[in-house]
Amino acid sequence: MLVLGGSTLAQTQKFTMAEAVNGMRTNLAVKSISQFSWSADGKSYIQAVKGGYLITDIKTKKQDTLVSLTQLNRNLTEKKFKTVPPIKFTGSSQGYFNANGKMVWVEKSGSDWKMKNTVPVDENAENVKVFADNQTFAFTVKNNLLVSRNGKIIKVTNEANENILNGSSNVHRNEFGIDTGIFPAPNSESVAFYRMDQTMVADYPIIDWSVTPAVNQNIKYPMAGRTSHQVTLGVFNIKNQKTTFLNIEGEKDQYLTAVTWSPDSKYIFVGVLNRGQNHLKMNQYDAANGNLVKTLFEETSDKYVEPQHPLTFFPNSNTDFIWQSQRTGYNHLFHYSLEKGLVSQITKGDWLVNEILGFNEKKKEIYFTSTKETPLEKHLYRINWTNFKMQRLDSAEGVHSGMLSSDGNYLYDVYSNADTPRVANIINTNTLKTSNLLTSENPLKNYQRPEIKNVNLKADDGTLLYGKIILPTNFDPNKKYPVIVYLYNGPHLQLITNTFPASGNLWYEYMAQNGYIIFTMDGRGSANRGLKFEQAVFRNLGTNEMNDQMKGVEYLKSLPYVDADRMGIHGWSFGGFMTTSFMLRKPDVFKVGVAGGPVIDWSMYEIMYGERYMDTPQENPQGYATANLLDKVQNLKGKLLMIHGAQDDVVVWQHSVKFIKSAVDNGIQLDYFVYPGHPHNVIGKDRVHLMQKVTDYFDQYLKK
């Protein structure tokens with residue numbers, strides 16, 4: 001019998017497939033602080049615990065129960081809560097939450113909590129957004145926008161055509177940092193919203209196979225080079241209940257991004273990006289009449305401009321703001337004034353700013369996270385916006401995230417690194433003294449863990465490439481092992497970081513426990529390395545990425561314990577495209593490939609992403625032809641398993657269906673598996689089935 005924590009049998013457990021796939025979210029989850037938030041005055045912090053919420057005074061460390069589950073269930077609802085709902089506290093004695101089809105406001109009454117107000121919300125409500133007054137809120141029901149004010153529901157739009165969406169968050173398919181379609185004015189008197197008309201976009205069938213007969217549910221999927229949707233921006237005045245649309249000039253299928261209100265609620269700023277994605281205008285509009293006030297600045301590129309953040313206004317200023325731009329090659333902070341234009345570039349260097357955390361207005365400091373130390377980590381910094389003095393605020397290696405108190409005096413710092421599962425600290429920004437809130441135990445301490453080595457390689461042009469090799473447990477350097485290359489190597493994703501676990505994925509460790517070497521590397525095109533690195537793949541997706549990954553293959557072949565005749569490759573989505581590309585465009589390298597949700601023909605992928613990196617098929621026929629895998633299936637030499645979710649609305653199922661047809665036409669055999677009911681990613685318990693299938697395939701054709 002295995003005794004957990006027993007010294008003799010420690011570090012001998014092997015992962016089950018369920019643990020390897022979902023363990024970090026279930027029984028092997030790293031302990032964390034739940035729903036951390038700062039109190040409104042910044043002098044305390046709040047966290048959710050099993051029986052309610054605790055509030056802790058930072059200076060005295062005194063802890064009190066802010067509200068308990070018992071109090072909520074006794075006073076607030078006919079339907080009892082089993083766990084505490086996600087309350088947003090707007091002070092030490094009031095807050096609100098959305099649960100059981102209602103928006104509920106609560107407030108402290110003596111030592112108890114009472115329900116102050118409740119507003120029923122439609123059961124189909126989505127995109128709920130509470131305004132700055134903490135009372136008014138907006139939400140969508142299907143394709144229409146509604147606002148609740150003083151308990152009354154106001155219909156902002158009443159659009160019968162289901163293909164005209166108001167307030168929806170999926171505008172421009174969530175590219176350009178778009179995560180909402182609802183933009184409340186700071187004074188809570190108006191709300192701006194996206195209106196997306198996609199009636200002109202071709203229907204695309206997504207079949208529901210769970211019913212008999214099967215039912216078709218059409219979606220609108222704008223493919224590269226074809227007709228796109230048209231977006232406008234409305235402003236609804238709650239008082240007079242009138243909507244004014246901004247008079248935004250330009251092509252009808254352009255992109256409207258970085259939507260920001262001025263703090264005085266008079267103006268709305270919109271980044272207007274052409275469909276070619278190489279010319280951005282930052283425009284200021286009058287919120288009352290919708291007219292253009294002026295263009296503040298423009299950004300152009302011979303490749304693409306990719307705005308990803310709204311404006312961030314300085315505290316107590318209606319005129320000065322920070323614009324995040326990659327114009328110098330890395331995402332940096334630029335100080336702009338409505339009167340003077342560009343005031344200064346605040347941060348600079350061959351590194352990028354990840355996100356702005358907030359301000360300390362008294363000290364004129366901006367707090368942010370950045371890759372300044374290394375692209376493999378993220379650290380906390382502050383910079384004075386007048387003298388540009390910059391300071392790192394944390395000391396531990398790893399990937400840090402931060403949450404700043406409203407006054408800028410305290411910074412909540414959570415990080416992990418290869419050897420540290422999770423640490424949560426509070427940094428006093430005046431003294432830089434740190435107090436520890438949580439140091440998590442290692443949930444993997446009783447498991448047999450592989451040796452992991454960081455690998456630095458160089459691309460053809462000398463660019464540094466970061467990777468890691470995971471050796472089999474009980475590794476014998478005199479043996480030869482099969483190897484699996486796991487890759488993504490596409491935009492906006494980074495596989496190699498200094499986080500816990502060091503492997504990056506417990507499935508890699510499962511495979512290492514079962515006699516495989518795993519190798520993974522971020523080639524050019526992937527995230528957090530700046531524009532030159534990312535744009536190296538422009539108009540030619542797949543080519544430089546394969547060249548970079550071949551540097552990894554050459555490295556692996558140089559190792560005496562790698563069996564070069566037993567090399568496998570696996571990836572999903574862009575990684576599925578890369579896997580299939582390798583099996584067809586470099587067919588002698590890998591014996592076995594498993595490609596999930598793969599892009600097979602970029603002309604069948606969405607406009608926003610596809611045209612950014614490839615231009616249109618009409619503008620770049622050669623690039624699309626080179627990357628197209630439908631006419632290369634006859635090159636297949638190894639064993640290929642292709643997997644797709646039947647409800648995939650990102651890389652639509654037709655990609656791999658057409659690939660199978662091409663294989664049949666060319667007399668080529670391959671293996672294929674479909675996950676009915678799953679969209680682009682197979683998640684939940686079915687993911688265990690997926691990874692067992694992937695593992696079995698490698699075991700069958702690579703291990704022997």
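Author: The model is predicted. In α6, the residues Phe574, Gly575, Gly576, Phe577, Met578, Thr579, Thr580, Ser581, Phe582, Met583 and Leu584 are buried.

Reader: Why is α6 described as largely enclosed by the rest of the structure?

Author: Of its 12 residues, 11 are buried, so the rest of the structure largely encloses α6. Buried here means under 20% relative accessible area.

Reader: What span should α6 have, and what is the distance between its end C-alpha atoms?

Author: Helix α6 covers residues 574-585, and at 1.5 Å a residue its 12 residues should span 16 Å. The end C-alpha atoms are 16 Å apart, which agrees with that expectation.

Reader: How do I read the packing of α5 and α6?

Author: Two packed helices are described by the angle between their axes and the distance between those axes. Helix α5, residues 543-557, packs with α6 at an angle of about 75°, and the axes are 11 Å apart. That angle makes α5 roughly perpendicular to α6, since the range for that term is 65 to 115 degrees.

Reader: Which residues of α5 and α6 meet?

Author: From α5 they are Thr543, Glu545, Met546, Gln549 and Met550; from α6 they are Phe574, Met578, Ser581, Phe582 and Arg585. By class, this contact of α5 with α6 has 5 nonpolar, 3 polar and 2 charged residues.

Reader: Now the strands. In what order do β20, β21, β22 and β23 lie in their sheet?

Author: Strands of a sheet pair through backbone hydrogen bonds, either parallel or antiparallel. Here 4 strands form an open sheet in the order β20-β21-β22-β23, with antiparallel pairing. The edge strands, each pairing on one side only, are β20 (255-261) and β23 (292-300). From one strand to the next the twist averages 20°.

Reader: How many bridges join β21 to β22?

Author: There are 7 bridges between β21 (residues 267-273) and β22 (residues 279-286), and the two strands run antiparallel.

Reader: Which way do the side chains of β10 point?

Author: In a regular strand the side chains alternate between the two faces of the sheet. In β10, Phe137, Phe139 and Val141 point one way, Ala138 and Thr140 point the other way, and all are buried. The strand, residues 137-141, is thus mostly covered, with 5 of its 5 residues buried.

Reader: What are the pairings of β10 with β9 and with β11?

Author: Strand β9 (residues 125-130) pairs with β10 in the antiparallel sense over 4 bridges, and glutamate 126 stands opposite threonine 140 in β10. These two strands form a hairpin with 6 residues between them, and asparagine 134 in that turn has a positive phi of about 60°. On to β11 (residues 144-149): β10 pairs with it in the antiparallel sense over 5 bridges. Alanine 138 stands opposite valine 147 in β11. The hairpin of β10 and β11 has 2 residues between the strands, and lysine 142 in the turn has a positive phi of about 55°.

Reader: What phi does alanine 258 have?

Author: Alanine 258 has a positive phi of about 50° although it is not a glycine. This residue is in strand β20 and is buried, with a relative accessible area of 8%. Asparagine 489, likewise not a glycine, has a positive phi of about 60°. Asparagine 489 lies in the loop between β38 and α3 and is buried, at a relative accessible area of 1%.

Reader: Is leucine 28 buried or exposed?

Author: At 3% relative accessibility, leucine 28 counts as buried. Its place is the loop between α1 (17-22) and β1 (34-38). Not counting residues up to four places away in sequence, leucine 28 touches Phe15, Glu19, Gly23, Pro443, Leu444, Tyr447 and Leu506.

Technical notes
Residues numbered from 1 in each chain as written. Predicted model: local features only at pLDDT ≥ 70, side-chain atom pairs only at ≥ 80, totals over all residues. Heavy atoms only, no water. Expected span 1.5 Å × (residues − 1). Buried < 20%, exposed > 50% of the residue type's maximum accessible area, 1.4 Å probe, protein only. Axes fitted to C-alpha atoms, helices over the stretch in contact; angles between N-to-C directions. Parallel < 35°, antiparallel > 145°, perpendicular 65-115°, else oblique. Contact = heavy atoms within 4.5 Å. Nonpolar A, V, L, I, M, F, W, Y, C, P; charged D, E, K, R; others polar. Pairing = 2+ DSSP bridges.
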